[in-house]
Amino acid sequence: MSRRFAAVDLGASSGRVMLADLSDGLRLTEAHRFPNGPVRVAGRLYWDILGLYREILTGLRAAGPVSSIGVDSWAVDYGLLDASGALLGNPVHYRDDRTAGVSERVAASVGAASLYEVSGLQVLPFNTLYQLLADRLDDAATMLLVPDLIGYWLTGERGAEVTNASTTGLLDVNTRAWAFPLIERLGLPAGIFPPLRQPGEAIGGLRRDVAAEIGWSAPVRAVGSHDTASAVAAVPAAGPAFAYVSCGTWSLAGVELPEPVLTPESRAANFTNEAGIDGTVRYLRNVMGLWLLQECLRAWPGSDLGELLAAAAHEKPFAAVVNPDEPVFLPPGDMPARIAAECRRTGQIPPASPAAYVRCVLESLALGHRLAVRQAMELSGRDVEVVHLVGGGSRNELLCRFTADACGLPVVAGPAEATTFGNVLVQARAAGLVSDLTEMRALVASAEPLRRYEPSGDTGAWAEAASRVF
Ligand code: ADP
Ligand code: LRH
């Protein structure tokens, strides 16, 4: 059996097909990378799901034969299939506004506390349950989350992988089974939720036509199909006293726990208990993440990220900061204008140049990381000695440094492709090549050079900046 595994990893800003070789340690290579992003059609925001699928096939063809394939993606979004298995409409992007007001209506009817007691999930306006309530389900026979939809197209098999199912708001946080009493109470059709599958479980072989198209065949295996679950599984921590920030389009900041935290304080702080690998709980909160920077760059055509980051390092510290989690930042649109408006609203002078905006974004994000990490520690009682920052944001040295300074804790940065590592290591474990999470993490730590940032000790300036916006 070969020791090569393919990971299909769809992030909100880019997708990639990666190849891992475990013949001698763990080596990752990129077979294919492609852009991803919202497409607006007639006022609605969609994913280009068929375009993504085509790129996945291109990537698998380039990767060549492997022992197995795993698929992960961003959470919450889904496709609906009719009774014949055909896709009913294009999957809608979680930044679309069709869910406006839905979470408030559900909270008023079911009760926010009862919802949290069942699912343990943070309230985000786009959680799957709110999207389903805003959708037309008349002809829907099956709801498949994005990685499960890709898995279905590759193999013909339907199911719902549990880490991603935990982001729907419809999974019982204690039993990790579909919360059918809640589903019925919400008036959602129970029959559209397919059987659950666990990370590591075989899904099926590639359909014959798919194998013919890419030129080889292999089984597809369930992994932590929520990208954040795979990323957290690959945090290169040596012991339990760590926090993480999985930093890409979003920053997912929190700790790993053996049990959920469902206290009223936890709900008030909007902390989530999402399902991790091996029964672990990803206790975290979403921070708006590098989306803020991505949308700024989109507003400045021709700008160069490297140059802007270099210039931002020389800008005046704490000239202006915003609360990165203001709902106004969620949809696509003119980000610099929204940041400027937030600065004015909080009595600050808006940044005067792109480099100053970048500085503002990175300091604001570090403030978001600081608050989430501190609250995760307080609410869970977990000791934290180090913050692991993984994902594309770990390449951003300024952000890593600011995060260490703001948190007052060392930051260990990398790997940038943590999600891919988590994806392939769950496959490698199913093949008997790795034993447990500890060994997986040690392998990641030895596969990549990691960078360590010691905190400057000047937490007072960060506390003052935080007091302006939180
Ligand atoms: P996602 O999976 O959500 O699409 P990624 O984990 O791929 O996100 O992270 C993408 C982000 O990482 C980019 O928006 C960018 O801000 C940051 N990034 C990637 N490469 C670099 C780099 N070389 N220097 C600084 N930042 C980078
Ligand atoms: C990160 C992520 C995050 C979700 C968001 C929708 O890619 O999966 O964990 O909250 O996308």
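Which domains does the shell around ligand 2 draw at least three residues from? Both domain 1 (4-225) and domain 2 (236-414 + 450-469) supply at least three residues each to that shell. Please keep in mind that this is a predicted model.

- Where the domains meet, 22 residues of domain 1 are in contact with 19 residues of domain 2.
- On the side of domain 1 that touches domain 2, α3 (112-119) and α6 (162-165) each provide at least two residues.
- With three residues, α3 gives the most to that side of domain 1.
- By class, the side of domain 1 that touches domain 2 has ten nonpolar, eight polar and four charged residues.

**Around ligand 1**

- Ligand 1 is surrounded by 15 residues, and the closest of them are Gly11, Ser13, Gly248, Thr249 and Gly392.
- The shell around ligand 1 is made of four nonpolar, ten polar and one charged residue.
- Domain 1 (4-225) and domain 2 (236-414 + 450-469) each contribute at least three residues to the shell around ligand 1.

**Around ligand 2**

- There are 13 residues around ligand 2, of which Trp74, Ala75, Asp227, Thr228 and Trp250 come nearest.
- Sorted by class, the shell around ligand 2 holds seven nonpolar, five polar and one charged residue.

**A helix pair: α14 and α15**

- Two packed helices are described by the angle between their axes and the distance between the axes.
- For helix α14 (residues 354-380) and helix α15 (residues 397-407), the angle is about 45° and the axes lie 8 Å apart.
- Angles under 35 degrees count as roughly parallel and 65 to 115 as roughly perpendicular, so α14 and α15 are oblique to each other.
- The crossing of α14 and α15 is right-handed.
- On the α14 side, the residues that meet α15 are Leu362, Glu363, Leu365, Ala366, Leu367, His369, Arg370 and Val373.
- Their partners in α15 are Leu398, Leu399, Phe402, Thr403, Ala406 and Cys407.
- The contact of α14 with α15 comprises ten nonpolar, two polar and two charged residues.

Definitions and conventions. Residues are numbered from 1 along each chain as its sequence is written. Chains are lettered from A and ligands numbered from 1 in the order in which they are written. This is a predicted model: local features need pLDDT of at least 70, side-chain atom pairs count only at pLDDT 80 or more; totals for chains, interfaces and linings use all residues. Two residues are in contact if their C-beta atoms, placed from the backbone, lie within 7 Å. Helices (H or I, at least four residues) and strands (E, at least two) are DSSP runs, numbered from the N terminus. Ala, Val, Leu, Ile, Met, Phe, Trp, Tyr, Cys and Pro count as nonpolar, Asp, Glu, Lys and Arg as charged, and the others, Gly among them, as polar. A residue is near a molecule or strand if its C-beta atom, placed from the backbone, lies within 6 Å of it. Domain bounds come from an automatic or database domain assignment. Axes are lines fitted to C-alpha atoms, for helices over the stretch in contact, and angles run from 0 to 180 degrees between N-to-C directions. Angles under 35 degrees count as roughly parallel, over 145 as roughly antiparallel, 65 to 115 as roughly perpendicular and the rest as oblique. A crossing is left-handed if the near helix is turned anticlockwise from the far one by less than a right angle, and right-handed if clockwise.
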